[in-house]
Amino acid sequence: LEGKFIIQYSGNIGAGHNIETLIQAAVLTRFDEQIFYLITGRGSKIEAVKKMIAEHGLTNCRILPFQPDDMIRYSLAAADLSVVLVEDRIAGVSIPSKVYNLMAVGSPIVSIAPLTSEISKLVMRFDNGRNFEKDNVEGLAAFITEMKHSPEILRSFRERSIIASSEFTRANAHKFLEIYKSSEK
């Protein structure tokens, strides 16, 4: 994978995850030999992912098993762009916990979720990546290609991810509890 521009999804690949959007982007960028997709994880859709890769004859994709806890930080840090998939039914109320790990390793975030989702709001707030709706495959593929040629923008996204991660630590978790408690009233 040395010398490749790595787009990685790492995590569960369940029924509600829009992994198809990522595979379709791989189809659109398949002739660029530098762009490479790593799908690291497990779940009910893994066989469907393998089938899609085979059907399209994609040589720019590789599936790796879910990584153990002692290796995950190295795996996450290996990506040039990290993909976060959020199920539509929970997009307005949930941000996957892996997002905080991705930001802590300085990874730019590419979320595939509704524009009104919490992950989209987070990425816009910190300007550490971009969000795409699941039907915007062309936009996603164009962004990936643009980022491959934009090291300054990627560096800026990385820096902003690290800065963003500092807002989500054990030391300041009390802020979120206070917000939660005040919303219960």
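Where does Asp 127 lie? Here are my notes, with the reminder that this is a predicted model.

1. **Asp 127.** This residue sits in the loop that runs between helix 5 (118-126) and strand 6 (129-132). With a relative accessibility of 29%, Asp 127 counts as partly exposed.

2. **Helix 1.** Residues 19-28 make up this helix, and seven of the ten are buried, so helix 1 is largely enclosed by the rest of the structure. The buried ones are Ile 19, Thr 21, Leu 22, Ile 23, Ala 25, Ala 26 and Val 27.

3. **Helix 1 against helix 6.** Helix 6 spans residues 137-148 and packs on helix 1 at an angle of about 60 degrees, the axes being 9 Å apart. Since perpendicular would start at 65 degrees, the two helices are therefore oblique to each other. Their crossing is right-handed. On the helix 1 side the contact is made by Thr 21, Leu 22, Gln 24, Ala 25 and Leu 28, and on the helix 6 side by Val 137, Glu 138, Leu 140, Ala 141 and Ile 144. By type, the residues of this contact divide into seven nonpolar, two polar and one charged.

4. **Phe 126 and Phe 168.** The count of aromatic pairs comes to four. In one of them, the ring centres of Phe 126 and Phe 168 are 6.1 Å apart and the planes stand at 75 degrees, so the pair is edge-to-face. This pair links distant parts of the chain, 42 residues apart: Phe 126 is in helix 5, while Phe 168 is in the loop between helix 7 and helix 8 (173-184). Phe 126 is buried at 10% relative accessible area, whereas Phe 168, at 21%, counts as partly exposed. Together with Tyr 100, these two residues form one aromatic cluster.

5. **Phe 132 and Phe 143.** Here the ring centres are 5.5 Å apart with the planes at 50 degrees, so the pair is tilted. Phe 132 belongs to strand 6 and Phe 143 to helix 6, so the pair ties together parts that are eleven residues apart in sequence. Both residues are buried.

6. **Ser 161.** You will find this serine in helix 7 (residues 151-165). Ser 161 is buried, its relative accessible area being 0%. Leaving aside residues up to four places away in sequence, Ser 161 touches Met 103, Gly 106, Ser 107, Pro 108, Ile 109 and Asn 128.

Key:
Residues are numbered from 1 along each chain as its sequence is written. This is a predicted model: local features need pLDDT of at least 70, side-chain atom pairs count only at pLDDT 80 or more; totals for chains, interfaces and linings use all residues. Side-chain values use heavy atoms; hydrogens and water are left out. Buried means under 20% relative accessible area, exposed over 50%, partly exposed in between (1.4 Å probe, protein chains only). Helices (H or I, at least four residues) and strands (E, at least two) are DSSP runs, numbered from the N terminus. Axes are lines fitted to C-alpha atoms, for helices over the stretch in contact, and angles run from 0 to 180 degrees between N-to-C directions. Angles under 35 degrees count as roughly parallel, over 145 as roughly antiparallel, 65 to 115 as roughly perpendicular and the rest as oblique. A crossing is left-handed if the near helix is turned anticlockwise from the far one by less than a right angle, and right-handed if clockwise. Contact means heavy atoms within 4.5 Å. Ala, Val, Leu, Ile, Met, Phe, Trp, Tyr, Cys and Pro count as nonpolar, Asp, Glu, Lys and Arg as charged, and the others, Gly among them, as polar. Rings of Phe, Tyr and Trp (its six-membered ring) pair if their centres lie within 6.5 Å; planes under 30 degrees apart count as stacked, over 60 as edge-to-face and the rest as tilted.
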